[in-house]
Structure formats: structure tokens, C-alpha cells
Amino acid sequence: MQQKNMVEVVVGVIRNLSEDIFITKRQKNQFMPGFWELPGGKVENNEDHSSALIREIFEETGIKIEKCSLIQTIQQQYPEKMVNLSVYLIDQYSGIPVGKEGQEFSWCSIEKFSEYKLLPTMWKIIKRISLPSSYWITPNDHDSSSILEQCSRHLSQGIKMIQLRSKVKLNKNYIEKFNRLCELNQAKLILNMPKMAFEEPCDGWHLNTKELMALSSRELPSEKLFGASTHNLEEVMQAEKNSLDYISLSPINETLSHPNTKALGWNKASEIINQCKIPIYLLGGMDKYSMSHALSIGAQGIAGIREI
């Protein structure tokens, strides 16, 4: 039974050939006026989500949806109501989107979203659609320049997110070298080390499992990524409770680095993914041939140290 003041909403991610995203500005007579959002609207009684999306997108922008796919669901609590938001990727459409109802509109690259006054849910959506399908994790040995060289090689091969991982605290100058390298390659740098200040020069931070389970709330800038390592459903639910942007789940397969750790296996990983609303990367024995399997069970993608 739907609780009182619960609203079902659908929105669509419309992209042009430059991969910019179409956004609109809420008008003075609307809830939260002046904020920018994705086009879409409320699901009417006895209307399924796909029909509502097609109707709302046409009414607001004038385009006709030919193909779409659900990529994310978000629950957002406002003082007046709870919104259940379903986010769809508009894979194919006909027409040119405009502000058909007189609303301001803009085509915006992901890098420029920080210049707009966005609805609270927008950063969650932006992070989801901008996360890559794989990321590389650095080895723990930071005593030589070899890791920076490996980082450069992975970036040249197209990797768009790197987790700088260390078992000891790294100095700021060292982190900045990786951050500059990632910036030059339009890639994201995620930091994972002990005693993080959450002010380091990077695009986000990654918690180990112990840090995750001790976390009581998220108090980081909304534009920064926040992830964590998980190994079971309890830890995954803790990450979801604290609104993390992504998590890693491991080990899926047996690995040389952790020979005595029991592997989850693909079936268990699939069960966990089906109960989680945030992006999950699979770790443990992953290689380039694991990608299609990971995507087929709903994972965001894969990550690893060796074969990625």
C-alpha cells in the first residue's frame, strides 16, 4: 500500500551527439522553483512508468521516445512529500527537444553541472550516468615511480577512473601528481588510504569495510564521489543507508592475493545486486572477459589491480 504523500515520478536523460544532457528550469508556479532538473513528471493513477515517461517527455520537450531503459531508482524525502524517482536513459528519440511549456532549457556537459542550481536528486543521477564501466586500483607499493607510470599507461588505454590505494597515509604532493595526471586525461581520481581528511586533491574517497560499518552519516560535498568496499549484503545495505555513490563487491572469484577468502560467486553477486539501489562494481578475479557477465546481472561494471 502506497503511503500518504508518496509521489511516483519519472524523468529522462536526453543526450545530443556531443553527449551533453538536456535539462530544464522549474518555473515560478512549481514545487522548488528556480532549480534545474531532468525533464519528466508525475505518474498518473493507473498509468505505467513507460507510458508516463513518453507522455511527460513529449508534453515538456516535444520529442517522441522510440527506445528507453531504466537505469536508476531514487527515493528522496522532502518536507512535504516522499518522491520515488525512476530515471530512464532515452536511448533513441525523434525530434529536437525544446522548452515546450515555456520553461528555460539548456544542454549541459557533466563537467558544467556545478554551475547550475540543481534539485537534490540531480547529483545522484549525474554520478550514476558519469560512472565508467571499469576502474583500475593501484597496487599498494608506493616506494617508486612505477605506480605513476602504470597509472599513465592505464589512462592512455582509456581508463576513466583510478582508485589510488595505499595501506599508509600518502602526502599531498604525491596525491597531486596522480590528480594532475587524471585531470589531463579527463579521468576521476578516488583516494583510499588511512586517516583521510576528505580535503585531499581528488574527485572522491573510498572507505574500507571497517570505516564503512562505523559510518553514521554522509557529510561530504555532493559533487564528490563517495564509495566503499563491501563483501556481503549487510555491508551493502550500510552503504545504501549512508547514500554512498558506488560500492565494490568482492571477491566474486578466488584470487591469488586472497587465497583463503571464500568467493561469493556470480549467483550470490546477482542476488545482492538485485537488492541494492546504488552502483556496484565487481572485484576478485576480474578481467576484460568478465565485463559482459557483470553488466548482464546489473552491475555497474568491474574493477581490479591486475587485468583491468
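Biologist: How many cavities of 30 Å³ or more does this structure contain?

Modeller: The model is a predicted one, and the count comes to 1 cavity of 30 Å³ or more. As a general idea, rolling a probe the size of a water molecule over the atoms shows where empty space is left. Here the largest cavity has a volume of about 50 Å³.

Biologist: Which residues line the largest cavity?

Modeller: The lining is formed by T24, K25, R26, Q27, Q30, E37, E60, E101 and Q103. By class, 4 of the lining residues are polar and 5 are charged, with no nonpolar residue.

Biologist: How should I read the packing of helix α3 and helix α4, and at what angle do they pack?

Modeller: Helix α3 (residues 146–156) and helix α4 (residues 172–184) pack at an angle of about 15°, and their axes lie 10 Å apart. Angles under 35 degrees count as roughly parallel, so α3 is roughly parallel to α4. Their crossing is right-handed.

Biologist: What is to be noted about the backbone at Q186 and at the peptide bond from S250 to P251?

Modeller: Most residues other than glycine have a negative phi, and most peptide bonds are trans. Q186, in the loop between α4 and β10 (188–192), has a positive phi, near 50°. The peptide bond from S250 to P251 is cis, with omega near -10°. P251 belongs to the loop between β13 (246–249) and α7 (266–273).

Notes. Residues are numbered from 1 along each chain as its sequence is written. This is a predicted model: local features need pLDDT of at least 70, side-chain atom pairs count only at pLDDT 80 or more; totals for chains, interfaces and linings use all residues. Side-chain values use heavy atoms; hydrogens and water are left out. Axes are lines fitted to C-alpha atoms, for helices over the stretch in contact, and angles run from 0 to 180 degrees between N-to-C directions. Helices (H or I, at least four residues) and strands (E, at least two) are DSSP runs, numbered from the N terminus. Angles under 35 degrees count as roughly parallel, over 145 as roughly antiparallel, 65 to 115 as roughly perpendicular and the rest as oblique. A crossing is left-handed if the near helix is turned anticlockwise from the far one by less than a right angle, and right-handed if clockwise. On a 1 Å grid over the protein atoms alone, a cavity is a set of points where a 1.4 Å probe fits but cannot get out, and a pocket is an open set with protein on both sides within 12 Å along at least five of seven lines; lining residues have an atom within 4 Å of a point. Grid points are joined across faces, edges and corners, and a volume is the space filled by probe spheres set on the points. Ala, Val, Leu, Ile, Met, Phe, Trp, Tyr, Cys and Pro count as nonpolar, Asp, Glu, Lys and Arg as charged, and the others, Gly among them, as polar.
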